[in-house]
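Colleague: Could you take me closely through one part of this model? I would like the strands, their partners and their surroundings in plain terms.

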Amino acid sequence: MRNPPRSLAGGGCQYRQPVTNLRVWDLTTGTLKAEGRVSSTRNSFGYNTLVLSRDRIIGSTDEGLKVWNLQTAELEATLEHEKMSDLVVSSDGKILAGITESSENQESKIKVLRRP
């Protein structure tokens with residue numbers, strides 16, 4: 001069952017909170033394999049903020065780095081980390097790199113994270 005949208009009704013008008021869903025498709029059969037909720041807002045993702053490893057989907061959101069299972073689309077972890085863009089992951093899935101930006105001094109840095 002899909003997650004129902006949050007809504008607020010009153011005075012004859014209705015507002016629906018936008019959501020962002022993650023969908024995993026089987027490209028061979030064209031069927032939807034899994035679906036999960038990414039965030040309760042549409043603006044959580046910008047460009048170049050999702051990357052695939054062999055068994056995970058990693059994304060940078062306003063809430064931190066998130067890791068989803070590629071087969072089930074279930075959220076496995078949220079890492080408290082600054083937002084990153086242009087994500088890349090090593091072929092073994094143990095190293096993640098991306099670009100962080102400081103709003104204070106407008107500096108960009110390459111950040112490298114290692115999984116134990």
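Modeller: Start with burial: a residue is buried under 20% relative accessible area, exposed over 50%, and partly exposed in between, using a 1.4 Å probe and protein chains only. Strands (E, at least two residues) are DSSP runs, numbered from the N terminus. The model is predicted: local features need pLDDT of at least 70, side-chain atom pairs count only at pLDDT 80 or more, and totals for chains, interfaces and linings use all residues. Residues are numbered from 1 along each chain as its sequence is written, and side-chain values use heavy atoms, with hydrogens and water left out.

Let us look at S7. Strand S7 spans residues 64-69. Of its 6 residues, 6 are buried, so S7 is largely enclosed by the rest of the structure.

Now its partners. Two strands pair if DSSP finds at least two bridges between them. S7 pairs with S6 over 6 bridges, in the antiparallel sense. Ile57 faces Trp68 of S7 across that pairing. Gly59 stands opposite Lys66 in S7.

The hairpin of S7 and S8 has 5 residues between the strands. Within that hairpin, Ala73 takes a positive phi near 65 degrees.

Go back to S6. This strand runs over residues 56-61 and is mostly covered, with 5 of its 6 residues buried. S6 also pairs with S5, residues 50-52. S5 and S6 are antiparallel and share 3 bridges. Leu50 stands opposite Gly59 in S6. So what does Gly59 face in S7? Gly59 faces Lys66 there. In a regular strand the side chains alternate between the two faces of the sheet.

The loop between S5 and S6 deserves a look too. A hairpin joins these strands through 3 residues. Ser53 lies in this loop. Ser53 counts as buried because its relative accessibility is 13%. Contact means heavy atoms within 4.5 Å. Leaving aside neighbours within four places in sequence, Ser53 is in contact with Leu70, Val89 and Gly93. Ser53 and Lys94 are 41 residues apart along the chain, and their C-alpha atoms are separated by 9.1 Å.

How values were computed
Helix = DSSP H or I, 4+ residues; strand = E, 2+ residues; numbered from the N terminus.
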